[in-house]
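Please walk through this structure with me, one link at a time.

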Amino acid sequence: QQQVKQSPQSLIVQKGGISIINCAYENTAFDYFPWYQQFPGKGPALLIAIRPDVSEKKEGRFTISFNKSAKQFSLHIMDSQPGDSATYFCAAYLSGTYKYIFGTGTRLKVLA
Amino acid sequence: DTGVSQDPRHKITKRGQNVTFRCDPISEHNRLYWYRQTLGQGPEFLTYFQNEAQLEKSRLLSDRFSAERPKGSFSTLEIQRTEQGDSAMYLCATSPGGRGTDTQYFGPGTRLTVL
């Protein structure tokens, strides 16, 4: 199963709040998990990424939490800002291939 | 601007016509990917080049799609006999290569509309 399931589809957060986006997968051959941010009219841009031997990675306001046994990972955006309003995609790299499988995206809106 | 450029940015064509898109990678990036993204969906893998060699191609890609990367620099994606279902954003991404996975840098995409 090569799917990556992402939720929620959309999210509205107040300025200063925490945004949480979740992803789940089935295939244990996935071995690298990046998160991308995409603004309208632009290509996705890498935010942060994690490998399955690490349970958490933090870069600035962005944190990935990874639960290998549950096959789930999530993105936390602390102190969310209106400029964070964008679509966020999780992805997974299928080991032994050259494929990245993307989730369906979460449209985040941060209210000022 | 990531340094990956795509041309054209927008293309409107009639059903049955052929279209070709171009991607210019960041200099010395030897990995190049093509993706298709439809509204409300994540990018869908189409094909992968390492230098000039096409090493992976999605099984979902019909025979109407072909991609090339001559000399391992720019790449082209051609769609023959376009159908309305081909309407989408076509994204190119490149990465430096080397061992294991590395950061993909996406271009701005080419938006295709098939009438």
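Predicted model: local features only at pLDDT ≥ 70, side-chain atom pairs only at ≥ 80, totals over all residues.

Residues are numbered from 1 along each chain as its sequence is written, chains are lettered from A and ligands numbered from 1 in the order in which they are written, and side-chain values use heavy atoms, with hydrogens and water left out.

Start with the sulfur atoms. A disulfide here is a pair of cysteine sulfur atoms within 2.5 Å. By that rule, there are 2 disulfides over all chains.

Take chain A. Cys23(A) is bonded to Cys90(A), with an S to S distance of 1.9 Å. The angle about the S-S bond is -95°, and the link is left-handed. Strands are DSSP runs (E, at least two residues), numbered from the N terminus. Are these two cysteines buried or exposed? Cys23(A) is buried, at a relative accessible area of 2%. Cys90(A) is buried too, at 0%. Buried means under 20% relative accessible area, exposed over 50%, and partly exposed in between (1.4 Å probe, protein chains only).

Now chain B. Cys23(B) and Cys92(B) form a disulfide, with their sulfur atoms 1.9 Å apart. The torsion about this S-S bond is about -65°, so the disulfide is left-handed. Cys23(B) lies in strand β3 (residues 19-24) of chain B, and Cys92(B) in strand β9 (residues 88-95) of chain B, so this pair joins parts that are 69 residues apart in sequence. Cys23(B) counts as buried, at 0% relative accessibility. Cys92(B) is buried, also with a relative accessible area of 0%.

Stay with β3 of chain B. Strands of a sheet pair through backbone hydrogen bonds, either parallel or antiparallel. In chain B, an open sheet of 4 strands runs in the order β1-β3-β8-β7, with antiparallel pairing. Its edge strands are β1 (5-7) and β7 (65-68) of chain B, and each pairs on one side only. On average, neighbouring strands of this sheet are turned by 15° against each other, direction ignored. Such angles run from 0 to 180 degrees between N-to-C directions, and the axes are lines fitted to C-alpha atoms.

Look inside the sheet. β3(B) pairs with strand β8 (residues 75-79) of chain B in the antiparallel sense, over 5 bridges. Two strands count as paired if DSSP finds at least two bridges between them. Arg22(B) stands opposite Thr76(B) in β8(B).
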